[in-house]
Amino acid sequence: MRWRGRWMMREIGGPIAYLTGEYPRATDTFIQREVAGLRAVGLEVLTCSIRKTGEEHLVGPEQQAEAAATFYVLESAKSPLRLVRAHFSALTRAPGRYFRGLRLALATRPAGVKGLFYQLFYFVEAVLLGEHLRAKGVVHLHNHIAKASCTVAMLMQEVSGIGYSFTMHGPDIFYAPEHWRLDEKIARAKFVACISHFCRSQGMNFSDPVHWEKMHIVHCGVEPARYVETRRGDGPVRALFIGRLAAVKGVPVLLEAMADVPEVSLTLIGDGPERVALEAKAAAIGDRVEFLGYRSQTEVADALAEVDLLVLPSFAEGVPVVLMEAMAAGLPVVCSHVAGIPELVEDDVSGILVPPGDTEALAGALRDLVGDAARRAAMGAAGRTKVEAEFNLAHEVPWLADLLVAYVSDGPKPGLRP
């Protein structure tokens, strides 16, 4: 079957829905772009979220529009009448399914009383979500992130009969696969979209080989045209960090490295639980460090056009979309050699890979790029070529649409990649 180059939507019998734990978030713009891309190729996509997004995430018109149109499970559950009606409807329509769903919830619960209560909450949410999807005529649910929202999706399928698939990111899910019953989620899903070969290998490690063929590589992607390569001046080198201000992103290591590279200024876009502590740590460096908080997609693209390199010293990652954005903008990247990042960034070609947590190596990589504009330009050009070829939404979205159609219609199944 010809998968490459197919752009038109094939009929699948109804809308699909997207689910994640919190939508839309300023840190997950790639999900919003994926939804928009699926709609552009002809799929009707409804969005659902377990929790409502905080106002700080609604940084642009795209996020505001998506938030207004999204079904929020916990918000809906605040109505006791709606909750009772949903469970009564599911129970009376298909009592066997209802109790199989409850049995599955109990069978896959984490250990301990807390785990039991959480799993019962997920079951309550799953029934409510399933009734909403049935009312909307949804034929399939696709979930992003394999943790709590995917548990809800799995239980929803058992109760309602509406199939589900999910995109597996990592790396945190791989630290506790038994807790989140990754094996059961993979087994019951129609298919699994893995963001990298590394991600897929971890899924294979925690699942029965009989399910490996339904685990496909679907890269997260960007729209390269959003990020126009800009000729930057000869002034001081400017570095940019984009991400959550949390321990896993390695910002304390970055600030320590910055202290050893006085020729570089740093702008940080993002927010998170450690911002106050990081601002205090950055005060010792002086005015070379600036915290901007969350920014819209357009503002991020503008910021990428104004700097000389992007740095992301994370301790753990999947394949960060922010690296794709920076590379699409023609920037060299300095980042940690972890998980799926080497599948995107080739060391000394499109960027410099450093050991995670190694302050001296990070400072050395920054110093290597400070005085070599030609090298930065060559890396930036190589990075843009890589993204255009392998991490481009124009290729990845139709591929994901093909997977959805193939599995929802029970047609011939595709291979690992298009």
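1. Strands β11 (residues 309-312) and β12 (residues 333-336) pair in the parallel sense, over 3 bridges. Within this pairing, Val311 has Val334 of β12 as its bridge partner. The model is predicted.

2. These strands belong to an open sheet of 6 strands, ordered β10-β9-β8-β11-β12-β13, with parallel pairing. β10 (289-293) and β13 (351-354) are the edge strands; each has a single partner, so one side of each lacks a neighbour in the sheet. From one strand to the next, the twist averages 20 degrees.

3. Two helices that pack on the sheet deserve a look. Helix α10 (residues 251-259) touches β8 (237-242), β9 (264-269), β10 and β11. Its direction makes about 160 degrees with that of β9. α13 touches β8, β11 and β12, and its direction makes about 165 degrees with that of β11.

4. Next, a helix pair. The axes of α4 (residues 80-93) and α6 come within 9 Å and cross at roughly 80 degrees. α4 is therefore roughly perpendicular to α6. Contact residues include Leu83, Ala86 and Ala90 of α4, and Val124, Val127 and Leu128 of α6. By class, this contact has 7 nonpolar, 3 polar and 4 charged residues.

5. The largest pocket has a volume of about 1300 Å³. Its lining counts 49 residues; Arg25, Thr27, Asp28, Ile145 and Arg244 lie nearest the centre. The lining divides into 25 nonpolar, 11 polar and 13 charged residues.

6. Which element gives the largest share of that lining? α6 does, with 4 residues. Elements supplying at least two lining residues include β1 (16-22), α1 (29-40), α7 (148-160) and α13 (321-328).

Definitions and conventions. Residues are numbered from 1 along each chain as its sequence is written. This is a predicted model: local features need pLDDT of at least 70, side-chain atom pairs count only at pLDDT 80 or more; totals for chains, interfaces and linings use all residues. Side-chain values use heavy atoms; hydrogens and water are left out. On a 1 Å grid over the protein atoms alone, a cavity is a set of points where a 1.4 Å probe fits but cannot get out, and a pocket is an open set with protein on both sides within 12 Å along at least five of seven lines; lining residues have an atom within 4 Å of a point. Grid points are joined across faces, edges and corners, and a volume is the space filled by probe spheres set on the points. Ala, Val, Leu, Ile, Met, Phe, Trp, Tyr, Cys and Pro count as nonpolar, Asp, Glu, Lys and Arg as charged, and the others, Gly among them, as polar. Axes are lines fitted to C-alpha atoms, for helices over the stretch in contact, and angles run from 0 to 180 degrees between N-to-C directions. Angles under 35 degrees count as roughly parallel, over 145 as roughly antiparallel, 65 to 115 as roughly perpendicular and the rest as oblique. Contact means heavy atoms within 4.5 Å. Two strands pair if DSSP finds at least two bridges between them.
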